[in-house]
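Subject: Structure for your review

Dear colleague,

Please find below the structure that I am handing over to you. I would ask you to keep it open while you read my notes.

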Amino acid sequence: MASLTADTHSNEERKRALPTHLVICLVIAMSLWSKASMRAVLKNLIDGLSELWVRVGQYWRVPSKSSITEARQRVGCRVMSRLFHLAVRPCATVQIPGAFLGGLRLMALDGTVFDVPDTPSNARVFGYPATRPGTVAAFPKVRLVLLIEAGTHLIVDALMCPYRIGERTRAKKLLRSVHSGMLLMWDRGLHSYKMVQAALNQKCDYLGRIPKNVKFSVEKALPDGSYLSWIAPDGKSKKKGGTKIMVRVIEYTIDTDHQPQTYRLITSLTDVEKFPALLLATEYHRRWEVENTIDELKVHLLGRKTLIRSLNPREVIQEIYGWLLGHWAVRSLMFQVAESAHISPLRLSFTGTLNIVRRAVPKFQRLKIEEFPFFSPGL
């Protein structure tokens, strides 16, 4: 922790009631007790330790709301971003049911937007969504794009941006965290030649849905009903030397209550014996399962009408990384438990685990206070 705060220039210059490491824990804890005030979150965070301090006749006064705000501003957002990228990683093993397909780790891209408090600085940095003439949106919005390990719901990379920046632009940058041995799935809103090219540049296989307006000609029919075709570069890619890329196209129809719906997928997996069309079509629909990750973030973990409480952009970014780290803490614990029980972590309840974590924090602190020197009453 000391090297992390030093590298990001967020360590304090003098002894404080709210040192940097405690502020970092507080920002993460804001997602665990999302409906509580900042002072209440801090009380919950040190509850087990404060009882031990009282027994030895030492007391720690909970800082005021303004002091907590000043401490968050002092720490900044770089340390939270650095901690997130140091901590997160794919964790699934081949023993985890549904985490791999044909030896490839299943990954998925997804995105969402959420409201931030309507302050001038937030509005200037993040922007409002478009509305009808003569009207203004109620809140500025932040766009968040996620790379998720499908078999565990662990978020292994994330990028946020102002609302006006498209999801496709940020999603392509998340391909920095994929590599060979992975199968990356994306929805039709992320389809583009650049996405396909970027995935191949990372030596990553892909499985993506195609929009209705995109047409492919049949170059070679395959035994399972799929066929090979070409995806042509867009204008900018062509000027940069981009050439057409061979893809495998899978078309299928699903009967719904109203009318049959046709889906089309493209993939780099051309081995029809190892990856038949039916297998890939079935697996693609598991991609929608990762949308539960966003539900875990926005509903179960936070559960606030306005998800973010920070009034300034730097603290918004700081809070979002704390929010992502809070989700990582809960989901990684679920993964460890599921791995020891030889079951899928998706069979465990996220809400149930979150409640256990909330109850366990003070109990864990009461075990041995000497193991927590950075939480000593001399803060």
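This is a predicted model: local features need pLDDT of at least 70, side-chain atom pairs count only at pLDDT 80 or more; totals for chains, interfaces and linings use all residues.

The protein chain has 14 helices and 10 strands. Of its 379 residues, 50% count as buried. The accessible surface amounts to about 18,600 Å², and 53% of this belongs to carbon and sulfur atoms.

I then looked at strand β2, which spans residues 104-115. This strand is mostly covered, with 11 of its 12 residues buried. Strands β1, β3 and β5 each pair with β2, as described below.

Strand β1 (residues 100-101) pairs with β2 in the antiparallel sense, over two bridges. Here Phe100 has Arg105 of β2 as its bridge partner. The two strands form a hairpin with two residues between them, and in this hairpin Gly102 takes a positive phi near 55°.

Strand β3 (residues 141-149) also runs antiparallel to β2, and nine bridges join the two. Within this pairing, Met107 stands opposite Glu149 in β3.

Strand β5 (residues 182-186), in contrast, runs parallel to β2 and is joined to it by four bridges. Arg105, already named as the partner of Phe100, stands opposite Met182 in β5.

As background for viewing these strands, the side chains of a regular strand alternate between the two faces of the sheet.

Yours sincerely,
A colleague

Note on methods: Residues are numbered from 1 along each chain as its sequence is written. Side-chain values use heavy atoms; hydrogens and water are left out. Buried means under 20% relative accessible area, exposed over 50%, partly exposed in between (1.4 Å probe, protein chains only). Two strands pair if DSSP finds at least two bridges between them. Accessible areas come from the Shrake-Rupley method with a 1.4 Å probe; for residues, only the protein chains shown count as cover.
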